[in-house]
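Hello,

Here is the structure I promised to pass on. Have a look at it first, and then read my notes below.

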Amino acid sequence: MAVGKEIRTQIKSIKNTQKITSAMEMVAASKMKKAQDRMQASRPYAEKILNVIGHLTHANSEFKHPYMTASEENKRVGVIVISSDRGLCGGLNTNLFRSLLKDIAAWQSDKVDVELCTIGKKSTSFFKNTGLTINSVLTDLGDTPHFDDLLGAIKVMLDRYDSGEIDQIMIAYNRFENTMTQVPTVKQIVPMEITDEESMDHHWDYIYEPDAETALSALLVRYIEALVYQGIVENIACEQSSRMVAMHSATENAGDMIDELELIYNKARQAAITQEISEIVAGAAAV
Amino acid sequence: MSVIHVDVVSATEEIYSGEAKCVFAPASMGEIGIYPKHVALISTLKPGEVRVETENGMESIFVSGGIIEVQPDTVTIFSDTAIRANDLDESKALEAKQRAEEAMSNAQGAQDVSSTQAALAESLVQLQMISKMRGKKR
């Protein structure tokens, strides 16, 4: 029947879209599980290092590392922004960028310069249009980021901190709360914010090999890298769960649209049949 | 018999966790053996074998470097997952910078450009590396 051909093609194309979105939902769900496992697996490392750093602050060290002491004035902040490489994951990246832009505006009004290290294509393409300085870029990490891939980007930041060009390093990423909630988080990683717990009575110190500076910087650099790695892994878990939720609602919306269109189509068909019958009846009556 | 708690972790996973009689680790100044009640120590590690002696025998773990922290009753070994060399880190840092410059110079481009851009930056860097290597050989 010729009735509602446009509507039928429309329904067909929406059905195709629905197939894609539901497939993406399922893929995201399975990837999310793996990403969450990776997130759990990387936790002990950062936690254990934090423990050691806690011991270090208690230990009566004669050597203070620059990563542990804040510089007197804060003139320039480096921010490591972690985003996804791909889109179609709801408002995940946008929410993070918005909350970061608010912080950046606050810094700029305090006459603090900002420079960025962008991880992920989305943050790279977003922040290059904002006129902020980007000092390093890292993209195409994939679903299973390798630790060695991110060393370069972090080194750029740390080198600039070492040479005194930036006074503070922040990290911006999405914290994984649960499948439904991801919290955009901006937190400071260098200099380390050390919570001063009650000092121990007896003073003691580590034996450092080969010397305090080498051992400490090796430890602190690893801690920072572990934090960034953790941020990336967590952001991937966020990306997948956010995509899963977004695709789920897209699939539902497509279903609603199909229902509506089918109703319109049926009405049109019914109207055509009714019209045809009344025409036949009217024709028969006229004879 | 006193025991010491040993944790071996890397950034991607927890490799070993348990009680041990003693631990041997390839510290940067030479191999060290740690028994319970060892004095507190932090040292960097060379690539090598960490041996953990437990009740049920020896446990052997390869580390490609890292850090060891010793407390009287615990030992924590942070194993590196990445192979580190200063020049390798340096080249990676350069690559990251390069990509940033690339992104900045095309600031007014559309959003979709980013992927082509990344690819371009990557191949540029590769070219650079190749020419550098050739330069060295000559």
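A word on contacts before anything else: two residues are in contact if their C-beta atoms, placed from the backbone, lie within 7 Å. This is a predicted model, in which local features need pLDDT of at least 70 and side-chain atom pairs count only at pLDDT 80 or more, while totals for chains, interfaces and linings use all residues. Residues are numbered from 1 along each chain as its sequence is written, and chains are lettered from A and ligands numbered from 1 in the order in which they are written.

Let me begin with the core. A residue is called buried if 20 or more other C-beta atoms lie within 10 Å of its own, exposed if 12 or fewer, and partly exposed in between, with C-beta atoms placed from the backbone. A nonpolar core is a set of buried Ala, Val, Leu, Ile, Met, Phe, Trp, Tyr and Cys residues joined through C-beta atoms within 7 Å. The largest one here has 89 residues, and A:I80 and A:A172 have the most contacts inside it. Its largest share, 20 residues, is supplied by helix α5 (residues 212-286) of chain A. This core lies between domain 1 (4-79) and domain 2 (86-137) of chain B, because both give residues to it; the domain bounds come from an automatic or database domain assignment. Setting aside neighbours within four places in sequence, A:A172 is in contact with A:V79, A:I80, A:V81, A:I82, A:L96, A:L100 and A:V186.

Now the helices of chain A. Helices (H or I, at least four residues) and strands (E, at least two) are DSSP runs, numbered from the N terminus. Helix α1 (residues 5-58) of chain A has 54 residues and should span 80 Å at 1.5 Å a residue, which agrees with the 77 Å between its end C-alpha atoms; the expected span is 1.5 Å times one less than the number of residues. There is a kink of about 25 degrees at A:S42, shortly before the proline A:P44; the bend is the angle between axes fitted to the seven residues ending at a residue and the seven starting there. A:S42 is also among the buried residues of α1(A), which include A:A28, A:A35 and A:Y45. The buried residues of α1(A) pack against α5 of chain A together with β1 (4-10) and β7 of chain B.

Helix α4 (residues 151-162) of chain A is largely enclosed by the rest of the structure, because nine of its twelve residues are buried. Among them are A:L151, A:K155 and A:Y161. After α4(A) comes A:G164, with a positive phi near 80 degrees.

In the loop between β3 (133-138) and α4 of chain A you will find A:D143. A:D143 counts as exposed, because it has 12 C-beta neighbours inside 10 Å. Not counting residues up to four places away in sequence, A:D143 touches A:K31, A:A35 and A:I236.

Finally, chain B. Its two helices and seven strands run β-β-β-β-β-β-β-α-α from the N terminus. Strands β5 (residues 41-54) and β6 (residues 57-70) of chain B pair in the antiparallel sense over 13 bridges, where pairing needs at least two DSSP bridges. β5(B) and β6(B) form a hairpin with two residues between them, and B:V50 stands opposite B:I61. β6(B) also pairs in the antiparallel sense with strand β7 (residues 74-79) of chain B, over five bridges. B:I67 has B:F78 in β7(B) as its bridge partner, and three residues link β6(B) to β7(B) in a hairpin.

Best wishes
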